[in-house]
Amino acid sequence: MTNHYERLLDLASAAHGNVEVFGVESSRRHVEFEANRPKNIGQRQSSGIALRIINKDGRIGFSSTSDAEKIDELVDRTGALADYGAEAKFQFPKKSDYPEVDSVDDSAAAVTDDEMLDFGRSAIDAILSEFPEALCSADFSKGDGKQRLINSNGVDAQHHHTTCSFYVGVELIRGTDMLSVWDGTVSTSPVNETNVDTIVGRLLTKLRNSQNIVDAPSGKDLPVLFSPVGFNGTFLPPLLSGFNGKNVATGSSPLIDRWGEKMLDERITITDNPLQPMTPVTRPMDDEGIPSRRLDLVRNGSIGEPFLDLQTAGEIGQVSTGCGMRGVTTTPSPSLSFIMMDGGDVPNGAMFDGIEQGILVEQLLGAGQGNELGGDFRANLSLGFLIENGEIVGRVKDTMISGNVYEALNQVEAISQRPELVWGTRKLPWVRTRGVEVATSS
Amino acid sequence: MSYQAQIEDALAGNNADYSEIRIEESDSTRLTYRGRSLDDVNMTSGKGGAVRVCVSGSWGFASFNELSDLKSRVRDAVDQARSLASGNKDESTMLAEVEPHVDIVDPVIVKDPREITLKEKTKLADHYNEIVWNQPGIVSSDIIYGDSSQKIAFGNSDGTYVEQERVHVISRISAQARDGSDVQQAGFSIGALGDYGVFEGLDDDVAEAAKRAVDLLDAKPLTGGQRTVILDPVLAGVFVHEAFGHLSEADNVYENDKLKELMYLGRKFGGAHLNFTDGAGQPGMRGSYKYDDEGTSASLTPLVRDGVLVGRLHSRETAAKTGEAPTGNARAINYRFPPIVRMTNTFIENGEATFDDLLEGVEDGVYVKNWYGGMTQHEMFTFSSGEAYMIRNGEVQEAVRPVMLSGNLFETLENVDAVANDRGFNQGGGCGKGGQMPLPVGTGSPHIRIRNCLISGA
């Protein structure tokens, strides 16, 4: 569909004036393991194109297609939709310079099925050698994506990235207890032995720590330690929903009128940086053609700034923060990229020290079902551990955690020095806090 | 060339054990209101295809938007499967026998959303939004309306060729109230197969949801712990889907000997009042169809009868490998994915008790209604209510903050001690599995009571 961009822009601007064409072309190939064996090799070729216009009454029209024969239909259809569309609170941006940032590893394309299969086999063999009764699944993939945005103000923003990912899941059943652990990463570069070893090492540690099942304590004043993965799942969704331009614009964010106010522990600093090179979410510009920049979300416990696309920025009288993201079938909405939280002063290996009795949160089940907008979180611990006297003594089951992010992140006891990568798109430390309610049926 | 001819031509002469092609055309319309105004109107049309082949038990799959050279897509997929098969020498292709069908299936249409103008749809959604905002104390609202049509042509190397079209209508309406940093929301979801009518006549429901959001600001949160809970038909439907349905999907079991030992047919899970069923053969629901995405006829599968596990859900591969009959539960959300074992419409059959019988003798419990979400990981599950009310001395009393319920299949089903006789249906849900979401599903259940159910604090 790449050869249709200019033609569609010309046709659409002749009809509607202010227009924007956005399209993607991507491919992905992956090998999949099920029940310890290779099961499927899959590939996906995907393309689509979208037209957005601001009509003469200042209303937005949008439609898209993945059918090359229907591209011309977009012009009339989008015009008809604009009669009912939202009032545009913005103009399409003008041409600007974009920062240069690396997001492509040329060696990704050369990765073969056999290489991916070999990594999968060796990861699974390493797990089976210690846990022969385990059932492993795995997925190794390589992909390539190109997107382009052109508008009637002369913007031509192109972005290319490679994406390689892998994932390993392990299942162990003993009696009626079913244990599932999983881990993996996403990167612009091919999988290598080091990152497979790291992930396998983390999985083995989780499996070893899960061999005893113990009763969890309950209450509201236990120290609760969050691994980077646990922190990501528990706290980021309810916290970040308050910064989302959509919630700010509608008035449902609890952060309205509180920008600059200290609401969290002063050791907490969280930024979003789309210009961090060679991550799967690196981008020189957003999907509306606005140059990317770093955002200070939380600085020393104080609430920084919301993340905005063009429309939400216009609604609250600000400028876009370069966070308008979309797939080809949807209009842009505010979204973050590479989220980093600063480390604290406790060595990563010492985060268990001094915990007489507490809980370690690793994996959650059912997070996001609560009232996230208000900062609430609650979830079942799909993988959680009991800590006694600074050591993991076993896995806890049938245990739920709940609380409010603004309360829990004001009762922080310790933050680890070194943040760790989570799924290639976050870098987060270990965090120990109180103010999390633990409920259990045991 | 017709899709049938294109598919037959592309499949001819390949040397895989099994091969299939799906070609899909789709159109969708979506309205999104955020706050006082319409935020987004979106129409998308799609066209794409998928090839799936099996060689000696190994699979190759490809999805694409470029449909011009189907034959080379088949060749590539066969090469992919063959290269895997060379390393999997002890495997063989096992697929349950299915009678080949050639059929063109008309869509189920009650009131076709495609014949309703955008003007009418936005007018009605505007009207509902106004009802929300007429409620004092509301700070924001979200209304989503969507309709979609999916036309799928499917052919395989066994001689099946089926064309099916399905039209779906969904909506979610929710309202938010705020007091300082305390934000509460209430809402509901609906859906129907081929019936715009489900989006009409919702004035009372909308008004009630808006009022509930404001009232929640004064509702007290519960302390986490174990309690007796009574689930309304909507939430009980989510419960059977999450707590039992997922573990009855045979792809969890067929290569997992340990799980097979736990989930053996004949195992008792609870009292004789437990009777669960799943099936796309139940007509007119969002999870209903005539053939699944492998061309197998839909059925109604008894899963639990009198508290005993009697069946599970299958694709052709899981059926063959467990030696059970195929049930027509292989579904793909669209052409970008291979079909996997999924639920369709999942039911708890009526019991004999009345709702009052369920309340009787409950000294300190919670009546939970409506759903917010749910998730399963093997035997563990959680699901959230949209509403919760205290029960004291057998009476439903004041509203409390909605709760999340959590449990373990093997214990919780034994703790279901009463099933009422007032089955209701819900079609507002979408199910996610293996990256494929939201897949249209339906549920149906009467009120049920669970003793010692773990609920979260809020």
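How many residues of domain 1 of chain A are in contact with domain 2 of chain A? In this predicted model, 35 residues of domain 1 of chain A are in contact with 31 residues of domain 2 of chain A. Going by the domain assignment, domain 1 of chain A covers 2–207 and domain 2 covers 212–442. Their centres, taken over C-alpha atoms, are separated by 23 Å.

So what does the domain 1 side of that contact look like in chain A? The elements that give two or more residues to it are strands S1 (18–34), S2 (37–54), S3 (60–65), S4 (135–151), S5 (156–174) and S6 (177–187) of chain A. S6(A) gives the most, with six residues. Sorted by class, this side of domain 1 of chain A has 15 nonpolar, 14 polar and six charged residues.

## Two domains in chain B

Chain B is also split by its assignment, into domain 1 (3–216) and domain 2 (225–455). Here the C-alpha centres of the two domains lie 22 Å apart. In chain B, 33 residues of domain 1 are in contact with 29 residues of domain 2.

On the domain 1 side in chain B, the elements giving two or more residues are strands S1 (18–34), S2 (37–55), S3 (58–64), S5 (138–156), S6 (161–179) and S7 (182–193), along with helix H4 (203–216). S7(B) gives the most to this side, with seven residues. The class count for the domain 1 side of chain B is 17 nonpolar, ten polar and six charged residues.

## A six-stranded sheet in chain B

Now for a sheet in chain B. Six strands make up an open sheet with mixed pairing, and their order is S11-S10-S9-S14-S23-S20. Strand S11 (308–309) and strand S20 (424–426) of chain B stand at the edges with a single partner strand each, so each has one side left without a neighbour in the sheet.

Further in, you can pick out strand S9 (residues 276–278) and strand S14 (residues 345–348) of chain B, which run antiparallel and are joined by three bridges. One place to look is B:Asp278, whose bridge partner in S14(B) is B:Thr346. Helix H5 (residues 233–245) of chain B packs on the sheet, touching S9, S10 (301–305), S14, S20 and S23 (442–445) of chain B. The direction of H5 makes about 110° with that of S23(B).

## A look at B:Leu309

Is B:Leu309 buried or exposed? B:Leu309 is buried, because 22 other C-beta atoms lie within 10 Å and the cut-off for buried is 20 or more.

Leaving out residues up to four places away in sequence, B:Leu309 touches B:Met263, B:Leu265, B:Gly266, B:Arg267, B:Phe269 and B:Val304. B:Leu309 and B:Tyr264 are 45 residues apart in sequence, but 7.3 Å apart in space, C-alpha to C-alpha.

## Where the chains meet

Chain B also touches chain A: 66 residues of chain B are in contact with 60 residues of chain A. On the chain B side, the largest share comes from S2(B), with twelve residues. That side of chain B divides into 21 nonpolar, 34 polar and eleven charged residues.

Strand pairing crosses between the chains as well. S3(A) and S2(B) pair in the parallel sense, over three bridges. To find the spot, look for A:Ser63, which stands opposite B:Met43 in S2(B).

Conventions:
Residues numbered from 1 in each chain as written. Chains lettered and ligands numbered in written order. Predicted model: local features only at pLDDT ≥ 70, side-chain atom pairs only at ≥ 80, totals over all residues. Domains from an automatic or database assignment. Contact = placed C-beta atoms within 7 Å. Helix = DSSP H or I, 4+ residues; strand = E, 2+ residues; numbered from the N terminus. Nonpolar A, V, L, I, M, F, W, Y, C, P; charged D, E, K, R; others polar. Pairing = 2+ DSSP bridges. Axes fitted to C-alpha atoms, helices over the stretch in contact; angles between N-to-C directions. Buried ≥ 20, exposed ≤ 12 C-beta atoms within 10 Å, placed from the backbone.
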